[in-house]
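Colleague: Before I use the terms for this chain, I would like to see each one set against its rule. Please take them one at a time.

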Amino acid sequence: MKKDPIIMGIESSCDETAVSVIQNRKILSDIIIQQRIHNKYGGVVPELASRLHDKNIVKAVNRAILLARINMNQIDAVSFTLGPGMIGSLLIGASFAKSFSMGLQIPLLGVNHIQAHILSHFISDANMNYSHPKFPFISLVISGGHTQIVKINEFFHMETLGTTLDDSVGETFDKIARMLGFSYPGGPIIEHFSKNGYDKRFSFSKPLVKGLNFSFSGFKNHILQFIRNNLKKDPLFVKKNLHDLCASIQRCISDILLEKVKKATQENNIFRVTLVGGVSANSEIRKIFTSFAKKEKWEVFLLKKKYTTDNGSMIAITGVLKYERNLFDSIHVTPYAKFKNF
(Lines give C-alpha, C1' and ligand atoms only; values in the text may rest on other atoms or scores of the structure.)
Protein backbone atom coordinates (compact mmCIF):
# COMPACT_ATOMS: atom_id res chain seq x y z
CA MET A 1 0.00 0.00 0.00
CA LYS A 2 1.10 3.52 -0.80
CA LYS A 3 0.66 6.59 1.36
CA ASP A 4 -0.86 8.78 -1.38
CA PRO A 5 -2.28 6.32 -3.90
CA ILE A 6 -3.59 7.32 -7.31
CA ILE A 7 -7.01 5.73 -7.81
CA MET A 8 -9.06 5.56 -10.98
CA GLY A 9 -12.85 5.44 -10.60
CA ILE A 10 -15.24 4.11 -13.25
CA GLU A 11 -19.00 4.82 -13.15
CA SER A 12 -21.36 3.03 -15.55
CA SER A 13 -24.56 2.38 -13.60
CA CYS A 14 -26.92 4.13 -16.01
CA ASP A 15 -26.30 6.16 -19.16
CA GLU A 16 -23.16 8.15 -18.40
CA THR A 17 -19.71 6.69 -18.98
CA ALA A 18 -17.67 8.50 -16.33
CA VAL A 19 -14.03 8.09 -15.35
CA SER A 20 -12.04 10.04 -12.77
CA VAL A 21 -8.51 9.97 -11.38
CA ILE A 22 -7.91 11.08 -7.79
CA GLN A 23 -4.99 11.53 -5.38
CA ASN A 24 -5.04 12.90 -1.82
CA ARG A 25 -8.83 13.32 -2.18
CA LYS A 26 -8.13 15.84 -4.93
CA ILE A 27 -9.58 15.20 -8.37
CA LEU A 28 -6.90 15.12 -11.06
CA SER A 29 -9.37 14.48 -13.89
CA ASP A 30 -13.10 13.94 -14.29
CA ILE A 31 -14.47 12.78 -17.65
CA ILE A 32 -18.16 12.22 -18.43
CA ILE A 33 -19.41 11.02 -21.81
CA GLN A 34 -23.19 11.47 -21.94
CA GLN A 35 -25.65 9.46 -24.01
CA ARG A 36 -28.10 12.00 -25.40
CA ILE A 37 -29.75 9.44 -27.68
CA HIS A 38 -32.11 8.46 -24.84
CA ASN A 39 -33.85 11.86 -24.85
CA LYS A 40 -35.96 10.99 -27.88
CA TYR A 41 -37.23 7.81 -26.20
CA GLY A 42 -38.45 9.58 -23.07
CA GLY A 43 -36.11 7.58 -20.82
CA VAL A 44 -32.99 5.44 -20.76
CA VAL A 45 -33.06 2.39 -23.06
CA PRO A 46 -30.94 -0.29 -21.28
CA GLU A 47 -29.73 -2.07 -24.43
CA LEU A 48 -28.62 1.19 -26.05
CA ALA A 49 -26.94 2.30 -22.83
CA SER A 50 -24.88 -0.89 -22.63
CA ARG A 51 -23.72 -0.64 -26.23
CA LEU A 52 -22.69 2.97 -25.83
CA HIS A 53 -20.77 2.22 -22.62
CA ASP A 54 -18.89 -0.44 -24.55
CA LYS A 55 -18.12 2.09 -27.26
CA ASN A 56 -17.13 4.94 -24.92
CA ILE A 57 -15.31 3.39 -21.96
CA VAL A 58 -11.82 3.12 -23.49
CA LYS A 59 -12.11 6.67 -24.81
CA ALA A 60 -13.16 7.96 -21.37
CA VAL A 61 -10.32 6.14 -19.58
CA ASN A 62 -7.69 7.42 -22.01
CA ARG A 63 -8.97 10.99 -21.68
CA ALA A 64 -8.98 10.77 -17.87
CA ILE A 65 -5.39 9.49 -17.74
CA LEU A 66 -4.22 12.14 -20.22
CA LEU A 67 -5.97 14.98 -18.36
CA ALA A 68 -4.56 13.79 -15.02
CA ARG A 69 -1.05 14.05 -16.53
CA ILE A 70 -0.02 10.62 -15.39
CA ASN A 71 0.80 7.40 -17.19
CA MET A 72 -1.17 4.21 -16.78
CA ASN A 73 1.47 2.51 -14.65
CA GLN A 74 1.16 5.17 -11.93
CA ILE A 75 -2.38 4.06 -11.08
CA ASP A 76 -2.36 2.12 -7.79
CA ALA A 77 -5.92 0.73 -7.82
CA VAL A 78 -9.11 0.82 -9.87
CA SER A 79 -12.57 1.34 -8.37
CA PHE A 80 -15.82 0.79 -10.21
CA THR A 81 -19.58 0.81 -9.63
CA LEU A 82 -20.70 -2.63 -8.50
CA GLY A 83 -24.38 -1.68 -8.11
CA PRO A 84 -27.18 -0.85 -7.94
CA GLY A 85 -27.96 0.12 -11.52
CA MET A 86 -28.79 -1.31 -14.92
CA ILE A 87 -27.09 -4.70 -15.03
CA GLY A 88 -25.94 -4.46 -18.66
CA SER A 89 -24.28 -1.11 -18.05
CA LEU A 90 -22.72 -2.29 -14.79
CA LEU A 91 -21.25 -5.35 -16.49
CA ILE A 92 -19.42 -3.18 -19.03
CA GLY A 93 -17.76 -1.11 -16.31
CA ALA A 94 -17.03 -4.14 -14.13
CA SER A 95 -15.51 -6.14 -17.01
CA PHE A 96 -13.24 -3.27 -17.98
CA ALA A 97 -12.16 -2.61 -14.37
CA LYS A 98 -11.36 -6.29 -13.81
CA SER A 99 -9.30 -6.44 -17.00
CA PHE A 100 -7.50 -3.23 -16.05
CA SER A 101 -6.78 -4.61 -12.57
CA MET A 102 -5.44 -7.90 -13.92
CA GLY A 103 -3.40 -6.26 -16.66
CA LEU A 104 -1.61 -3.85 -14.32
CA GLN A 105 -1.72 -6.22 -11.32
CA ILE A 106 -3.30 -3.60 -9.08
CA PRO A 107 -6.11 -3.92 -6.48
CA LEU A 108 -9.79 -3.91 -7.43
CA LEU A 109 -12.37 -1.90 -5.45
CA GLY A 110 -16.09 -2.51 -6.02
CA VAL A 111 -18.25 0.46 -5.00
CA ASN A 112 -21.87 0.78 -3.90
CA HIS A 113 -23.38 3.53 -6.08
CA ILE A 114 -25.50 5.10 -3.31
CA GLN A 115 -22.63 4.96 -0.83
CA ALA A 116 -20.49 6.74 -3.42
CA HIS A 117 -23.02 9.57 -3.78
CA ILE A 118 -22.93 10.07 -0.01
CA LEU A 119 -19.13 9.95 0.20
CA SER A 120 -18.81 12.59 -2.55
CA HIS A 121 -18.83 15.09 0.30
CA PHE A 122 -15.29 13.99 1.19
CA ILE A 123 -13.74 15.08 -2.11
CA SER A 124 -11.49 18.00 -1.20
CA ASP A 125 -13.35 20.72 -3.16
CA ALA A 126 -16.80 19.13 -3.56
CA ASN A 127 -18.83 21.12 -1.04
CA MET A 128 -20.21 24.59 -1.55
CA ASN A 129 -18.64 25.72 1.75
CA TYR A 130 -15.36 23.79 1.20
CA SER A 131 -15.85 21.67 4.33
CA HIS A 132 -17.19 18.20 4.99
CA PRO A 133 -19.65 16.77 7.54
CA LYS A 134 -18.53 15.23 10.81
CA PHE A 135 -19.94 11.87 11.88
CA PRO A 136 -22.69 11.03 12.47
CA PHE A 137 -24.88 12.75 9.90
CA ILE A 138 -28.10 12.22 7.95
CA SER A 139 -28.00 12.02 4.16
CA LEU A 140 -30.90 12.53 1.77
CA VAL A 141 -30.25 10.62 -1.45
CA ILE A 142 -32.45 11.93 -4.27
CA SER A 143 -31.94 10.96 -7.89
CA GLY A 144 -33.65 9.49 -10.92
CA GLY A 145 -33.37 6.00 -9.51
CA HIS A 146 -33.19 6.43 -5.73
CA THR A 147 -34.86 8.25 -2.85
CA GLN A 148 -33.51 7.34 0.58
CA ILE A 149 -32.73 8.75 3.99
CA VAL A 150 -29.50 7.26 5.33
CA LYS A 151 -27.78 7.57 8.70
CA ILE A 152 -23.99 7.67 8.36
CA ASN A 153 -22.09 6.68 11.50
CA GLU A 154 -18.72 6.18 9.78
CA PHE A 155 -17.41 5.97 6.23
CA PHE A 156 -18.62 2.41 5.71
CA HIS A 157 -21.10 2.12 8.56
CA MET A 158 -24.40 3.31 7.09
CA GLU A 159 -28.03 2.53 7.89
CA THR A 160 -31.08 3.10 5.67
CA LEU A 161 -33.75 4.90 7.71
CA GLY A 162 -36.30 5.36 4.95
CA THR A 163 -36.79 4.72 1.25
CA THR A 164 -39.39 5.19 -1.46
CA LEU A 165 -42.06 2.50 -1.65
CA ASP A 166 -42.58 3.11 -5.37
CA ASP A 167 -41.29 5.90 -7.62
CA SER A 168 -38.12 7.84 -6.92
CA VAL A 169 -38.38 11.62 -6.68
CA GLY A 170 -36.43 12.04 -9.94
CA GLU A 171 -38.74 9.63 -11.74
CA THR A 172 -41.71 11.54 -10.32
CA PHE A 173 -40.40 14.84 -11.69
CA ASP A 174 -39.90 13.25 -15.11
CA LYS A 175 -43.36 11.67 -15.24
CA ILE A 176 -45.10 14.88 -14.18
CA ALA A 177 -43.05 16.78 -16.75
CA ARG A 178 -44.37 14.42 -19.42
CA MET A 179 -47.94 15.26 -18.32
CA LEU A 180 -47.09 18.91 -18.88
CA GLY A 181 -45.79 18.19 -22.37
CA PHE A 182 -42.07 18.37 -21.60
CA SER A 183 -39.36 16.12 -23.00
CA TYR A 184 -37.00 13.86 -21.04
CA PRO A 185 -35.33 14.59 -18.67
CA GLY A 186 -38.18 16.69 -17.31
CA GLY A 187 -36.98 17.68 -13.84
CA PRO A 188 -34.66 20.48 -15.01
CA ILE A 189 -37.41 21.81 -17.30
CA ILE A 190 -39.88 22.04 -14.40
CA GLU A 191 -37.21 23.86 -12.41
CA HIS A 192 -36.65 26.28 -15.31
CA PHE A 193 -40.33 27.26 -15.62
CA SER A 194 -40.85 27.41 -11.87
CA LYS A 195 -38.42 30.33 -11.56
CA ASN A 196 -41.08 32.75 -12.82
CA GLY A 197 -43.98 31.07 -11.02
CA TYR A 198 -45.86 31.54 -7.73
CA ASP A 199 -45.28 28.40 -5.67
CA LYS A 200 -48.41 28.82 -3.52
CA ARG A 201 -50.85 29.26 -6.39
CA PHE A 202 -51.94 25.60 -6.35
CA SER A 203 -52.18 23.19 -3.41
CA PHE A 204 -51.71 19.44 -3.71
CA SER A 205 -52.31 16.58 -1.31
CA LYS A 206 -49.18 15.10 0.24
CA PRO A 207 -48.82 11.31 0.60
CA LEU A 208 -49.50 9.99 4.10
CA VAL A 209 -46.73 7.45 4.64
CA LYS A 210 -45.73 6.18 8.07
CA GLY A 211 -42.22 6.49 9.37
CA LEU A 212 -39.43 7.80 7.17
CA ASN A 213 -40.49 6.12 3.94
CA PHE A 214 -41.71 7.96 0.84
CA SER A 215 -44.41 7.25 -1.72
CA PHE A 216 -44.77 9.32 -4.87
CA SER A 217 -47.06 7.12 -6.97
CA GLY A 218 -50.25 8.51 -5.44
CA PHE A 219 -48.93 12.06 -5.59
CA LYS A 220 -48.12 11.64 -9.28
CA ASN A 221 -51.65 10.35 -9.98
CA HIS A 222 -53.13 13.22 -7.97
CA ILE A 223 -51.30 15.71 -10.20
CA LEU A 224 -52.49 13.84 -13.31
CA GLN A 225 -56.14 14.01 -12.22
CA PHE A 226 -55.75 17.68 -11.26
CA ILE A 227 -54.42 18.53 -14.72
CA ARG A 228 -57.06 16.45 -16.52
CA ASN A 229 -59.93 17.96 -14.55
CA ASN A 230 -58.76 21.50 -15.22
CA LEU A 231 -58.15 20.81 -18.92
CA LYS A 232 -61.79 19.74 -19.24
CA LYS A 233 -62.83 23.17 -17.99
CA ASP A 234 -60.21 25.05 -19.99
CA PRO A 235 -58.15 23.36 -22.75
CA LEU A 236 -55.52 26.08 -22.31
CA PHE A 237 -55.22 25.60 -18.53
CA VAL A 238 -51.64 24.23 -18.60
CA LYS A 239 -50.42 26.83 -21.07
CA LYS A 240 -51.97 29.72 -19.11
CA ASN A 241 -50.69 28.52 -15.73
CA LEU A 242 -47.47 26.71 -16.65
CA HIS A 243 -45.08 28.74 -14.47
CA ASP A 244 -47.31 28.59 -11.38
CA LEU A 245 -47.99 24.88 -11.91
CA CYS A 246 -44.29 24.06 -12.10
CA ALA A 247 -43.48 26.20 -9.07
CA SER A 248 -46.30 24.72 -6.98
CA ILE A 249 -45.45 21.12 -7.88
CA GLN A 250 -41.77 21.67 -7.16
CA ARG A 251 -42.54 23.35 -3.84
CA CYS A 252 -44.80 20.50 -2.75
CA ILE A 253 -42.18 17.85 -3.54
CA SER A 254 -39.55 19.91 -1.71
CA ASP A 255 -41.80 20.13 1.36
CA ILE A 256 -42.37 16.35 1.32
CA LEU A 257 -38.61 15.76 1.35
CA LEU A 258 -37.95 18.32 4.07
CA GLU A 259 -40.70 16.97 6.36
CA LYS A 260 -39.23 13.45 6.26
CA VAL A 261 -35.65 14.64 6.84
CA LYS A 262 -36.83 16.84 9.69
CA LYS A 263 -38.45 13.78 11.28
CA ALA A 264 -35.24 11.77 10.79
CA THR A 265 -33.10 14.42 12.50
CA GLN A 266 -35.45 14.62 15.47
CA GLU A 267 -35.71 10.84 15.91
CA ASN A 268 -31.94 10.38 15.76
CA ASN A 269 -30.94 13.64 17.46
CA ILE A 270 -28.58 14.38 14.56
CA PHE A 271 -28.75 17.82 12.98
CA ARG A 272 -26.06 17.51 10.32
CA VAL A 273 -27.62 16.85 6.92
CA THR A 274 -26.18 16.24 3.46
CA LEU A 275 -28.02 16.24 0.13
CA VAL A 276 -26.76 14.02 -2.68
CA GLY A 277 -27.90 12.73 -6.07
CA GLY A 278 -28.95 14.46 -9.28
CA VAL A 279 -32.16 15.96 -7.85
CA SER A 280 -30.14 17.66 -5.09
CA ALA A 281 -29.03 20.13 -7.78
CA ASN A 282 -32.60 21.50 -7.82
CA SER A 283 -32.49 25.15 -6.74
CA GLU A 284 -35.82 25.11 -4.90
CA ILE A 285 -34.87 22.05 -2.84
CA ARG A 286 -31.54 23.68 -1.96
CA LYS A 287 -33.27 26.92 -1.03
CA ILE A 288 -35.84 25.25 1.23
CA PHE A 289 -33.27 23.12 3.05
CA THR A 290 -30.83 26.01 3.45
CA SER A 291 -33.54 28.32 4.77
CA PHE A 292 -34.84 25.73 7.23
CA ALA A 293 -31.30 24.90 8.37
CA LYS A 294 -30.57 28.54 9.14
CA LYS A 295 -33.77 28.82 11.14
CA GLU A 296 -33.35 25.56 13.08
CA LYS A 297 -29.53 25.75 13.38
CA TRP A 298 -28.88 22.64 11.32
CA GLU A 299 -25.63 22.07 9.48
CA VAL A 300 -26.50 21.45 5.83
CA PHE A 301 -23.89 20.39 3.29
CA LEU A 302 -24.56 20.91 -0.42
CA LEU A 303 -22.37 19.62 -3.22
CA LYS A 304 -21.28 21.73 -6.13
CA LYS A 305 -23.71 20.86 -8.89
CA LYS A 306 -21.15 19.00 -11.00
CA TYR A 307 -20.82 16.45 -8.19
CA THR A 308 -24.55 15.83 -7.76
CA THR A 309 -25.14 13.76 -10.89
CA ASP A 310 -23.50 10.39 -11.57
CA ASN A 311 -19.75 10.90 -12.01
CA GLY A 312 -16.45 9.08 -11.79
CA SER A 313 -15.21 11.26 -8.93
CA MET A 314 -17.66 9.77 -6.44
CA ILE A 315 -16.46 6.28 -7.38
CA ALA A 316 -12.84 7.39 -7.12
CA ILE A 317 -13.18 8.97 -3.65
CA THR A 318 -14.96 5.86 -2.36
CA GLY A 319 -12.13 3.83 -3.85
CA VAL A 320 -9.59 5.94 -1.93
CA LEU A 321 -11.47 5.44 1.34
CA LYS A 322 -11.74 1.68 0.75
CA TYR A 323 -8.05 1.48 -0.22
CA GLU A 324 -7.05 3.20 3.03
CA ARG A 325 -8.99 0.53 4.96
CA ASN A 326 -7.80 -2.48 2.92
CA LEU A 327 -11.33 -3.13 1.67
CA PHE A 328 -10.30 -4.76 -1.58
CA ASP A 329 -12.43 -7.02 -3.77
CA SER A 330 -11.87 -10.31 -5.53
CA ILE A 331 -11.81 -10.53 -9.31
CA HIS A 332 -14.88 -12.77 -8.92
CA VAL A 333 -17.08 -10.04 -7.40
CA THR A 334 -20.45 -9.81 -9.20
CA PRO A 335 -22.41 -6.64 -10.12
CA TYR A 336 -25.98 -6.35 -8.81
CA ALA A 337 -28.95 -4.41 -10.19
CA LYS A 338 -31.05 -3.89 -7.06
CA PHE A 339 -30.05 -2.05 -3.91
CA LYS A 340 -28.48 -4.13 -1.16
CA ASN A 341 -27.95 -3.13 2.43
CA PHE A 342 -24.79 -1.14 3.04
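Modeller: Start with helix α8, where E284, I285, R286, I288, F289, F292 and A293 are buried. The model is predicted, with local features needing pLDDT of at least 70, side-chain atom pairs counting only at pLDDT 80 or more, and totals for chains, interfaces and linings using all residues. Residues are numbered from 1 along each chain as its sequence is written, and side-chain values use heavy atoms, with hydrogens and water left out.

Colleague: What makes α8 a helix by its span?

Modeller: Helices are DSSP runs of H or I with at least four residues, strands are runs of E with at least two, and both are numbered from the N terminus. The expected span is 1.5 Å times one less than the number of residues. For the 14 residues of α8 (residues 283-296) that gives 20 Å, and the end C-alpha atoms are 20 Å apart, which agrees.

Colleague: What covers the buried residues of α8?

Modeller: The cover includes β6 (137-142), α7 (237-268), β9 (272-276) and β10 (299-302), where contact means heavy atoms within 4.5 Å. Just after α8, K297 takes a positive phi of about 60°.

Colleague: Why is N112 called buried?

Modeller: Buried means under 20% relative accessible area, exposed over 50%, and partly exposed in between, with a 1.4 Å probe and protein chains only. N112 has 8%, so N112 is buried. Leaving aside neighbours within four places in sequence, N112 is in contact with G83, P84, Y336, F339, K340 and F342.

Colleague: Which backbone nitrogen does the side chain of N112 reach at 2.9 Å?

Modeller: That of I114. A polar contact is a pair of N or O atoms within 3.5 Å; within protein, one must be able to donate a hydrogen and the other to accept it, and residues adjacent in sequence count only if both atoms are side-chain atoms. The backbone nitrogen of Q115 also lies 3.0 Å from a polar atom of the N112 side chain. At the start of α8, a side-chain oxygen of N282 comes to within 2.9 Å of the backbone nitrogen of E284.

Colleague: In which strand is N112, and how does that strand pair with β4?

Modeller: N112 is in strand β5. Two strands pair if DSSP finds at least two bridges between them; β4 (residues 77-83) and β5 have five, in the parallel sense. G83 stands opposite N112.

Colleague: What is the strand order of the open sheet of five strands?

Modeller: The order is β3-β2-β1-β4-β5, with mixed pairing. β3 (26-33) and β5 (108-112) are the edge strands, each pairing on one side only.

Colleague: Why is the pair F96 and F100 called stacked?

Modeller: Rings of Phe, Tyr and Trp (its six-membered ring) pair if their centres lie within 6.5 Å; planes under 30 degrees apart count as stacked, over 60 as edge-to-face and the rest as tilted. The centres of F96 and F100 are 6.0 Å apart and the planes are at 25°, so the pair is stacked. F96 and F100 are four residues apart in helix α2 (residues 87-104), which means a separation of about one helical turn. Both are buried.

Colleague: What makes the pair F122 and F155 edge-to-face?

Modeller: Their planes are at 70° and their centres 4.9 Å apart, so that name applies. F122 is in the loop between α3 (113-119) and β6, and F155 is in the loop between β7 (147-154) and β8 (157-163), 33 residues apart.
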